[in-house]
Amino acid sequence: MSHGVVLYRGSLKGCNYDCSYCPFSKHRIGQKELQRDRQAWLRFVESVVKTEVSDDYQGFMVTPYGEALIYPWYWEGMAALSREEKTEVVGAQTNLSFALKESLDYFEKSGGKLEKLRLWATFHPEMISPENFARKCIQVWKFGITVCAGAVGKPENLALVQKLRSLLPQEIYLWINKMDGLGRDYTEAEKASFLEIDPYFWQELIPVLADGRQCRERLFVESDGRQRSCNIGRVIEGNWYDKKTVPKKEADGGAGFWHCTRKFCSCYLAYGGRSDFINQVLFGPYPVFRIPRRPRAVFLDIMGTLIPEENMTEKRKGQKEPEISVRTKLAVQTLAREGAKLFWATTLPIREAKSCCREIGQYFSGGVFAGGAHILADQAGQRREYFYRLECGWLSRLEDLKSKFGFRILEYRDKEIRYKLTLLRPEGRDWSGQEAVQVMEALEPQYRGKVRWILEGRCLQLVAKEATKENGVRMICEWLGIALSEIAAAGDSPEDQAMMGLQI
């Protein structure tokens, strides 16, 4: 599950580096400007510490124009934020030019929690060699700080970036940003080379359509408190220091607050800060920090997650097979290539799950099916399978309700084991919770406590009380010897909440 994160950009518009392409390297910062920036940042920090604004944000990231971490007040502020119990992560984008030991000493003396610190480090070939940048990254990593490194994918710098990748340990992810202003598409050879360095580089090559509904858990705040949905958002949505205009996630689910006028999310801070399930699976609950999750096992819902609900509607109408997006296909392929074991977690029976996901089925090794009633792990020729027996008495008691509620009964069995019943209504006739209760009350009393129901539109599904996605995930992890701290899970319905709560 994703968590709320605030991106903060101070008033700094200068840098200690002098890269030829960067406008901020030309600006020389005066003392008054530095003082204004310090006051603005510490005001923001104080507002969080004193909980003067929304308590819905647990992550804070400094995204400056130029370099912020050469100034001690940023370390002071990050330390204060990290001390807060509600804060889970805090960090910044940086060129790593700050004095590491002195800065970290100051951070810790200010009460900072190193385990909460995240650094996004950018390699600038004009200013530093791959050897020296790699050495700095490794020093940061050895201090116990979670760090990623990266560079712009400039074809002329390919050899330098390849050298950097060879010098970094595999634990440090090296990302590649697509080069703006290249004036042409990357060649296939260039794409392949950059993908070899960064297995997630494909995200930079596929346009991501803007969708304000996916931005409800992040906020971009300027030095004066003006806020918007993200760093490229054009619409100002109130002020951080005005409590009435800071979005609350529980209000309307956060939907409708942001008014995005962009056509595409054109940079990582924009698309990487969204709550898309791909971001959560690949980069964890705070994907904007660009730290890969690298789970050993991944459990993915199908309807509404792997396949958008509107595409499933087309499938129900029999018009075509539901489509899986290119981004989803590439995410699945990348996870599999990096060694993650992939499993479905769905209310669908196994045959329908495989039919819906035919394009990516070869990457999956079973899963949790029928809402948790059927569990299968098929790894390297070793197959383990379990069914929760559904004990609900004679079906005649349900048959008596068919004319009243207008449904037909689909029964799912494995040999003599009945594991699921679906009471299916015609298109356009969804079940209500009250009707589901009436169906359950029609069961013989001794069975009512042994059955739970799953309500999905026109499908009322009955399974054993113990049959849940959560229990199915636990069972597969126990079979394979995988700790729950090593998994990722994604879904979009109440059925998925407990399963997603297993991931740490």
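**Close-up views of a predicted model**

Arg290 is buried, at a relative accessible area of 2% (buried means under 20%, exposed over 50% and partly exposed in between, with a 1.4 Å probe and protein chains only). This is a predicted model, in which local features need pLDDT of at least 70 and side-chain atom pairs count only at pLDDT 80 or more, while totals for chains, interfaces and linings use all residues. Residues are numbered from 1 along each chain as its sequence is written, and side-chain values use heavy atoms, with hydrogens and water left out.

**View A. Arg290 in its loop.** Arg290 sits in the loop between helix 9 (277-283) and strand 13 (297-300) (helices, H or I, of at least four residues and strands, E, of at least two are DSSP runs, numbered from the N terminus). Arg290 is not a glycine, yet its phi is positive, about 65°. Most residues other than glycine have a negative phi.

**View B. Lys415 between two strands.** The loop between strand 18 (408-414) and strand 19 (417-424) holds Lys415. Its phi is also positive, about 55°, although Lys415 is not a glycine. Lys415 counts as exposed, at 73% relative accessibility.

**View C. Helix 4 against helix 5.** Helix 4 (residues 130-142) packs with helix 5 (residues 158-167) at an angle of about 35°, and their axes are 9 Å apart. Axes are lines fitted to C-alpha atoms, for helices over the stretch in contact, and angles run from 0 to 180 degrees between N-to-C directions. Pro130, Glu131, Phe133, Ala134 and Ile138 of helix 4 make the contact with Leu160, Lys163, Leu164 and Leu167 of helix 5 (contact means heavy atoms within 4.5 Å). These residues divide into 7 nonpolar, no polar and 2 charged; Ala, Val, Leu, Ile, Met, Phe, Trp, Tyr, Cys and Pro count as nonpolar, Asp, Glu, Lys and Arg as charged, and the others, Gly among them, as polar.

**View D. The largest cavity.** The largest cavity has a volume of about 70 Å³. A cavity is a set of points on a 1 Å grid over the protein atoms alone where a 1.4 Å probe fits but cannot get out, and lining residues have an atom within 4 Å of a point. Of the 15 lining residues, His3, Val5, Gly273, Arg274 and Pro287 are the closest to the centre of the largest cavity. Its lining has 6 nonpolar, 6 polar and 3 charged residues.

**View E. Pro445 and Cys392.** Pro445 lies in helix 16 (residues 445-448) and counts as exposed, at 58% relative accessibility. The C-alpha atoms of Pro445 and Cys392 are separated by 9.5 Å, and the two residues are 53 residues apart along the chain.

Methods. 1 Å grid on protein atoms, 1.4 Å probe; cavity = no way out; pocket = protein on both sides within 12 Å on 5 of 7 lines; lining within 4 Å. Points joined across faces, edges and corners; volume = space filled by probe spheres on them.
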